Amino acid sequence: MASYRIEGNIISSEILDKIAKGDAGKQAPKDFGLEPSASLRDEIARAWANAKDQYRIFQRRRETLKEGDTGASETRRLWMLPFFDFLGYQLANATAETVNGNSYAISHRAENLDGFPVHIMGCNQSLDEKPKQGLRISPHAIVQEYLNLTEHLFGIVTNGSQLRLLRDASRLTRLSFLEFDLVQMMEEDLYSDFALLYRCLHASRMPATKDSGDTSFIEGYHQDALDAGSRIRERLSKTVELTIHEMANGFLQHPANQALRDWADQRPNAGEELYAWMLKIIYRMLFLMVTEERDLIYPKPENEATPDDKDKHRRRRSIYYDYYSIQRLRRLSERRQFAEERHADLWKAMRICFRLFSGNSYGMALGIAPLNGELFGSHALGLLEQAELDNRTLLTCLRRLNYFENERGQQVRVNYGSLDVEEFGSVYEGLLEYKAVVENHRFTFQQGTGRSSSGSHYTPDELVHPLIKHSLDHLVEDKLKEADS
């Protein structure tokens with residue numbers, strides 16, 4: 001299992017793959033400050049050996065920490081400062097900086113990168129939780145806020161276990177970062193992941209000055225990821241259209257679905273009703289793909305959780321992903337032998353997965369709280385709740401949703417965990433263009449007027465955010481003035 005993960009749109013898995021292979025540009029020895037004749041692979045191997053040695057020293061010292069000790073001094077002195085030195089950073093202790101009346105106590109600055117912020121916490125401190133004493137917000141939030149308010153475009157926060165690259169993201173409403181799990185990397189001997197980290201986060205990748213962020217190598221990778229995201233949006237919208245068309249006809253043509261065909265014969269608007277049910281199936285699938293890949297169904301237990309609670313969490317998570325998840329069906333879609341027309345068990349399995357998230361209590365035994373929303377309502381799929389769909393149709397559609405074709409004609413797996421709301425907004429907008437009809441038991445799309453007549457358009461985040469802020473800021477301020485704020 002890889003020791004890195006992507007949250008938000010800071011970078012894409014496709015770009016990381018290119019960086020790992022040295023195909024992303026700016027990956028020559030001279031781009032890292034080496035002699036043109038030097039070997040970058042040898043340099044990475046040397047840094048890896050040094051990091052392994054330093055980690056062993058740090059681990060021995062970590063084992064002697066007393067309960068309640070943050071380990072900040074040991075993490076910085078014995079592990080992270082040497083580690084960043086191997087990556088070309090010249091770090092120095094920093095004093096707190098006040099911005100807009102708030103203090104930002106970033107622990108270190110890179111002197112060779114115009115004060116590039118690197119915030120190093122102790123190994124026993126969480127990046128996402130507010131400390132019991134001292135800081136007003138979490139270490140991650142401190143760095144993110146600081147980037148949003150200053151000229152620095154990128155920054156790093158770490159506790160010696162997780163290392164995250166953050167980018168100015170003042171418009172975003174959820175976390176956005178590239179994270180490497182250093183403990184997993186070192187203890188599982190994941191040299192290839194370290195090589196990726198080196199190629200992606202070396203000091204030469206970062207802005208040399210505060211005002212040169214737009215021309216830095218890492219920003220170039222970020223922009224490449226956004227361009228790839230635009231291509232994915234175009235492809236995803238078309239794929240969803242094809243998936244709806246194929247699945248709807250799969251239902252209409254299945255021999256066991258005579259009741260569905262009889263219903264279609266009697267309903268003048270059968271196409272629109274069937275289309276509405278199909279949209280709910282597609283959006284359920286997309287919702288669960290994103291939720292599963294972001295690990296939101298079973299987030300990591302709190303540090304204070306008991307061993308029994310952690311064991312229960314692992315067992316529930318394993319049962320869900322091995323037997324019920326959309327992820328399981330996506331894996332099956334990549335194995336052609338399961339795509340058989342004569343079987344229809346996988347659609348039943350998908351319905352059971354959907355049921356775990358319905359307003360009833362089916363998922364409680366697995367620790368899944370019901371969503372209680374219309375999307376997963378018990379009657380949201382109409383007649384399709386009881387209809388049959390052959391495995392070949394379902395798995396073909398899932399496989400189509402799994403991959404997109406890049407500019408080289410290669411099949412690249414879609415990283416749903418990194419898709420943002422813009423991707424789904426574009427899908428929604430595209431689907432409004434069509435009117436669905438059923439004729440002679442065949443489902444087809446025709447050009448419609450739903451979008452223009454209803455004035456329905458997806459509003460980008462950068463336009464929505466100021467409106468929300470303007471509407472809610474004064475309400476929040478008034479609430480904070482109350483005694484029970």
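# Close-up views of a predicted model

View 1. Helix α3 covers residues 72-86, with 15 residues in all. From its first C-alpha to its last it reaches 20 Å, close to the 21 Å expected at 1.5 Å a residue. The model shown here and in the other views is predicted. Where in α3 does the kink lie? It lies at Met80, shortly before the proline Pro82, and amounts to about 35 degrees. Both Met80 and Pro82 are buried. Other buried residues of α3 include Trp79, Phe83 and Phe84. Ala72, Glu74, Thr75 and Leu78 are buried as well. Just after α3 comes Gly88, with a positive phi of about 90 degrees.

**View 2. Helix α2 and its packing partners.** Helix α2 runs over residues 40-62 and has 23 residues. The reach from first C-alpha to last is 32 Å, close to the 33 Å expected at 1.5 Å a residue. Its buried residues include Leu40, Ile44, Ala47, Trp48 and Ala51. Lys52, Gln54, Tyr55, Phe58 and Gln59 are also buried. An α-helix has 3.6 residues a turn, so residues three or four places apart point the same way. Against which helices do the buried residues of α2 pack? They pack against α3, α5 (182-187) and α6 (191-201).

**View 3. The whole chain.** The chain has 16 helices and 13 strands. Of its 485 residues, 48% count as buried. The chain exposes about 24,500 Å². Carbon and sulfur atoms supply 49% of that area. Take the contacts between residues at least 6 apart in sequence: 67% of them join residues at least 24 apart. The chain holds 22 salt bridges.

View 4. Glu7 forms a salt bridge with Arg5. Their closest N and O atoms are 3.0 Å apart. Is Glu7 buried or exposed? Glu7 counts as buried because its relative accessibility is 11%, under the 20% limit. Arg5, at 34%, counts as partly exposed.

**View 5. A buried pair, Glu219 and Arg167.** The side chains of Glu219 and Arg167 meet in a salt bridge, at 2.9 Å from N to O. Glu219 lies in helix α7 (residues 217-253) and Arg167 in strand β8 (residues 162-167), so the pair ties together parts that are 52 residues apart in sequence. Both residues are buried.

**View 6. Glu293 and Arg330 link two helices.** A salt bridge joins Glu293 to Arg330, with the closest N and O atoms 3.0 Å apart. The pair links distant parts of the chain, 37 residues apart. Glu293 is in helix α9 (residues 270-293), and Arg330 is in helix α11 (residues 326-333). How do the partners stand in accessibility? Glu293 has a relative accessible area of 26% and is partly exposed. Arg330 has 1% and counts as buried.

**View 7. Arg315 and Leu366.** Helix α10 (residues 307-324) holds Arg315. This arginine is partly exposed, with a relative accessible area of 47%. Leu366 is 51 residues from Arg315 along the chain. The C-alpha atoms of the two are separated by 8.9 Å.

**View 8. Ile352 and Ser325.** Ile352 has its place in helix α12 (residues 345-356). Its relative accessible area is 44%, so Ile352 is partly exposed. Ser325 is 27 residues away along the chain. A distance of 9.3 Å separates the C-alpha atoms of Ile352 and Ser325.

**View 9. A nonpolar patch on the surface.** Which residues form the nonpolar patch? They are Ile468, Leu472, Leu475, Val476 and Leu480. Together they have about 450 Å² of accessible area. Leu480 is found in helix α16, which spans residues 461-480. Leu480 counts as exposed because its relative accessibility is 56%, over the 50% limit.

Technical notes
Residues are numbered from 1 along each chain as its sequence is written. This is a predicted model: local features need pLDDT of at least 70, side-chain atom pairs count only at pLDDT 80 or more; totals for chains, interfaces and linings use all residues. Side-chain values use heavy atoms; hydrogens and water are left out. Patches are made of residues with over 30% relative accessible area and no salt bridge: like charges are joined within 9 Å, nonpolar side chains (Val, Leu, Ile, Met, Phe, Trp, Tyr) within 5 Å. Accessible areas come from the Shrake-Rupley method with a 1.4 Å probe; for residues, only the protein chains shown count as cover. A salt bridge is a side-chain nitrogen of Lys or Arg within 4 Å of a carboxyl oxygen of Asp or Glu. Helices (H or I, at least four residues) and strands (E, at least two) are DSSP runs, numbered from the N terminus. Buried means under 20% relative accessible area, exposed over 50%, partly exposed in between (1.4 Å probe, protein chains only). The expected span of a helix is 1.5 Å times one less than its number of residues. The bend at a residue is the angle between axes fitted to the seven residues ending there and the seven starting there. Contact means heavy atoms within 4.5 Å.
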